[in-house]
Amino acid sequence: MLNLTIDGKQVTAPKDSTIYDAARINGIKIPILCHDKKLKPFGACRMCLVEVEQMKGRQIPACTTPITEGMIVQTATPEIVKARELVLELLLLNHPLDCPVCDKGGDCDLQNLTYDYKVDSNRFLDSKFQHEIDYNNPLIERDMNRCVLCGKCVRICDEIVGFGALTFIDRGIETKIGCEFEKGLNCEFCGSCVSVCPVGSLLARPFKFKARFWSLTKQKSVCGYCGTGCNLTLGVKDNKVLTTIYDENQGFHNGQLCVRGRFGYQFINSEKRLTKPLVRKNGKLEESNWDEALEIIASRMKGAGAEVAAIATPRLTNEELLLFKKMMIMAGSNNYDHAAGYAHAALSDGFVRSFGTTAAPSTILDIQKSDLLLVIKTDSYETHPVIGFEINMAVKNKGVTLKILSDKQGKLSRLPDARTLVHSPGSEVAILNAMARVILDNKLADGSVTDVPGFANFEKALAGFAPEAIAEQCGLSAVDIKLLASSYARAEKALILFPVGQAYPGHNAALANAVANLAIIAGKLGKEGSGVLCLSEKNNSQGAVDMGFYAVDGALDALQIIDGCAAGSIKTLFIAGENPLVSYPDHAKIKAALDQTEFLIVSELFMTETAAMADVVLPVCSFAEKEGTVTATDRRVQHIKPAIKKIGQSRTDFEVFAALIDKLGGIAPATPASVFAEIAANVPGYADMSYSALGDEGVFAAVDVKPAFVVPQQTAAASPESGKLALVTGSALYHNGTLSQYGEGPMHVCPEGYIELSRADAAALKFAENDLLTVTSASGSMKLKARVTSRMPQGLVFAPYHFGANPVNQVWSGSPVTWVTVVK
Amino acid sequence: MSKAVAQQAEEQEVIIDLAKANAIIDKYIDLPGNLMPVLQAVQDSYGYIPQVAADLIAERLNVYPSQIYGVLTFYAQFHLKPRGRFIIRVCVGTACHVQGAQRIKETFFNLLHIAHTETSADLRFTFEEVACLGACGMAPLAMVNDDTYGKMTVQKVDEIVAKYSAIPLD
């Protein structure tokens with residue numbers, strides 16, 4: 001800490017602070033346009049000029065000047081105020097004064113500073129800018145006429161997002177912000193640039209002319225898409241969520257959001273929301289009322305025993321899932337599961353065996369504290385973009401080493417000095433085992449590793465994973481595997497990240513075991529910045545496992561429930577929020593099974609493909625209308641509160657399950673709070689939690705790790721079928737599950753599925769971008785548009801799985817690799 | 001660089017053989033801070049920076065395309081559209097101005113119909129106004145590539161245009 005004087009006040013500040021930081025933490029406000037606490041100092045706007053006694057005669061930018069011991073700073077002398085007024089006069093000279101129609105009005109730094117400094121006239125005369133406004137995309141409007149060239153958008157897109165869509169073009173008075181060759185913006189549309197723009201140059205188009213900023217009520221919430229658990233501020237007016245509002249002090253991510261979080265909110269107030277219960281009468285779904293619908297359901301449930309089964313979406317709150325489970329137990333059935341079963345297997349099976357618990361020990365906060373990140377699948381960026389930002393910042397700002405093991409290149413591969421080992425699809429588990437073998441062979445293993453249960457058998461099994469043999473199977477070189485293993489083992493702190501989810505079937509549990517084995521053998525557990533982080537797919541995937549909402553003790557898992565429906569052993573199926581017809585493997589099989597189901601109940605926000613097949617459809621609430629807790633992928637438990645009143649006659653899933661428990665003769669808990677109290681009393685790691693303890697940013701549920709080695713199984717390498725391409729499914733950046741189809745923003749940017757293939761394959765097969773290709777596998781055939789990219793290796797094609805209109809599960813059978821033929 | 005110019009650059013994008021650009025990138029790929037030398041060598045080789053070459057450089061050097069465009073528009077030395085075989089520079093600095101540079105400029109325009117930074121359709125001439133060529137004693141002054149012409153007159157403009165128009169383009 002250093003001592004200095006600011007405006008006559010004795011203050012202290014950390015050694016590496018700038019004058020601006022030192023003033024801010026001591027409650028002294030220095031005006032600024034170009035500074036953002038998340039970005040590197042830039043010193044462009046000259047609003048933060050101050051005087052320093054020791055540097056008399058000069059005006060010093062506070063945001064770029066480091067403090068020194070005994071510094072005497074004046075932030076508002078008459079000369080300084082005059083200089084700032086001049087800066088504002090010069091900015092306002094070219095800036096259009098169209099504040100009445102500017103959406104930034106009321107939330108504009110330039111407007112506020114002009115007001116603060118009473119700049120009500122201008123001594124200069126010049127014409128306004130005449131730049132063309134970029135309306136080329138549906139989400140972000142770029143009006144360079146209002147720009148003050150603070151460069152925040154350019155810098156955030158580089159330093160945090162790592163996309164680099166924007167740059168300074170030309171120089172001097174002609175400088176402006178734009179894209180290469182003056183093209184329209186064509187990027188990830190995360191809106192980070194919009195969030196930091198101090199003026200109305202970058203605006204969210206979906207919010208244009210919807211409401212004045214000051215008329216919005218700001219409601220804090222947690223994003224309802226992926227498992228990252230980003231905090232959101234919803235801008236609400238007249239019971240409508242009209243926008244998301246940037247708050248740089250919110251969450252571990254400092255308000256950073258991805259396209260889904262920022263622009264995917266429209267599903268909440270969508271016209272397509274279900275508002276009344278529907279009951280099938282004479283073969284048609286007809287409007288009904290809650291009494292009738294619940295009565296029918298209760299009569300199907302009562303005493304039904306194992307003939308009734310349930311599948312839930314991990315988007316429900318912890319309280320709802322626990323209540324749902326109770327309801328099923330009251331009906332006499334243990335057949336309940338979520339996320340197709342395999343999507344949570346890494347936690348519910350893999351980590352249970354490796355760590356003795358259903359969670360990974362590390363948190364998102366470890367990413368920036370690590371020395372080496374090993375990312376399995378470049379898809380980690382697409383599945384969890386804000387975690388991707390954390391990786392970007394770790395690599396770019398903290399110099400963390402990034403190693404990637406993936407079946408394709410990806411955005412993360414382009415980070416400075418990132419090394420991507422591209423292996424044949426589906427072979428990552430074998431490579432991780434070979435790495436463990438290398439660590440053991442080269443005496444790089446942790447000293448106490450022989451004491452870990454299962455070591456002897458593990459060591460024996462590793463004999464079958466010689467790096468040379470595995471390298472050949474996996475399309476890598478043994479040297480690469482050895483180098484990767486030794487740099488992982490030698491790093492002081494190393495963190496492994498891997499995504500799981502419904503689009504990544506096949507070997508989730510084995511992958512979790514292999515990752516855990518590797519972390520244990522290299523001694524990477526139990527240290528800050530080190531360990532394992534499993535990126536689970538939905539906002540409450542971790543919670544659903546923590547609440548035990550999955551098959552145990554011989555009960556049917558999700559896919560077995562579907563089989564049971566087909567076989568007639570399951571007569572009543574209650575699907576809460578899940579859309580298996582689109583998101584589970586093998587469309588034809590799921591459709592036949594749901595057709596066979598005697599009685600299908602679906603609670604949903606929308607008339608999904610699955611809901612359309614139901615006998616009773618219950619309209620339920622989105623995350624913005626309910627209360628409860630959700631658990632993010634790193635076991636951060638967060639409290640959500642209603643931001644708006646319920647839409648139409650919709651009820652929360654909590655109310656639905658509570659009503660049904662009542663009808664089944666039980667006593668339902670009155671409020672989510674009382675169920676949360678029960679969770680806090682019973683669920684391991686949630687002890688002593690309460691709504692008030694969770695606060696705004698939530699609390700991490702403790703993870704008690706008891707490491708054990710799990711013997712790896714030899715797996716036969718996926719043998720290529722001649723003349724066929726290997727199809728892998730996954731997540732598109734703009735989507736998460738099937739819900740994002742109802743968020744207009746994601747659909748504007750990525751409205752339909754596609755098949756991504758390598759340039760080499762495209763050239764050989766004579767496919768061009770956007771060609772409509774017929775993709776055929778053993779389980780079916782479908783048409784998809786071609787996307788030719790440089791990131792795909794030859795022989796591999798990729799398709800995202802989110803789209804109900806033309807679901808990829810028509811050709812995808814649920815194995816890690818599907819062999820397909822592709823023709824024009 | 002106006003939008004119109006960028007569009008023009010795009011329209012003029014004929015099939016560009018990227019072999020030369022690839023060879024240049026190969027040469028510099030391991031050099032730290034290689035963007036400027038690569039851009040300069042590519043411009044030397046093609047006479048300007050074709051957009052497809054900029055895209056290639058972005059991909060192979062792992063630099064954002066936007067960042068390359070920022071560099072290209074920041075430095076006056078880079079050109080985004082094909083340039084003429086002969087670059088005519090007419091000084092309009094103070095000394096040349098008082099000696100009648102305006103008429104010299106107009107005469108070139110009347111003969112070639114190209115204004116500041118423009119290039120003739122046959123890619124023979126590019127015309128540029130410059131602020132000073134550093135030889136004010138010879139005002140008014142013009143240059144064609146590396147040849148200097150002092151004490152310019154309207155008549156000399158005719159002669160210069162005739163002289164360089166007679167040289168066959170390769």
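Which residue stands opposite A:Ile496 in E21(A)? The residue is A:Val532. The model is predicted, so local features require pLDDT of at least 70 and side-chain atom pairs count only at pLDDT 80 or more, while totals for chains, interfaces and linings use all residues. Residues are numbered from 1 along each chain as its sequence is written, and side-chain values use heavy atoms, with hydrogens and water left out.

Strand E20 of chain A, residues 494–499, runs parallel to E21(A) and is joined to that strand by 5 bridges; strands are DSSP runs of at least two residues and helices (H or I) of at least four, numbered from the N terminus. Two strands count as paired if DSSP finds at least two bridges between them. In chain A, 5 strands form an open sheet with parallel pairing, in the order E19-E18-E17-E20-E21. Strands E19 (419–422) and E21 (531–535) of chain A stand at the edges with a single partner strand each, so one side of each has no neighbour in the sheet. From one strand to the next, the twist averages 15°.

Helix H16 of chain A (residues 508–521) lies across strands E17 (372–376), E20 and E21 of chain A, and runs at about 180° to E20(A). Such angles run from 0 to 180 degrees between N-to-C directions, with axes fitted to C-alpha atoms, for helices over the stretch in contact (heavy atoms within 4.5 Å).

Elsewhere, A:Ser790 lies in the loop between strands E31 (780–789) and E32 (796–800) of chain A. Not counting residues up to four places away in sequence, A:Ser790 touches A:Arg759 and B:Glu59.

Terms used: Chains lettered and ligands numbered in written order.
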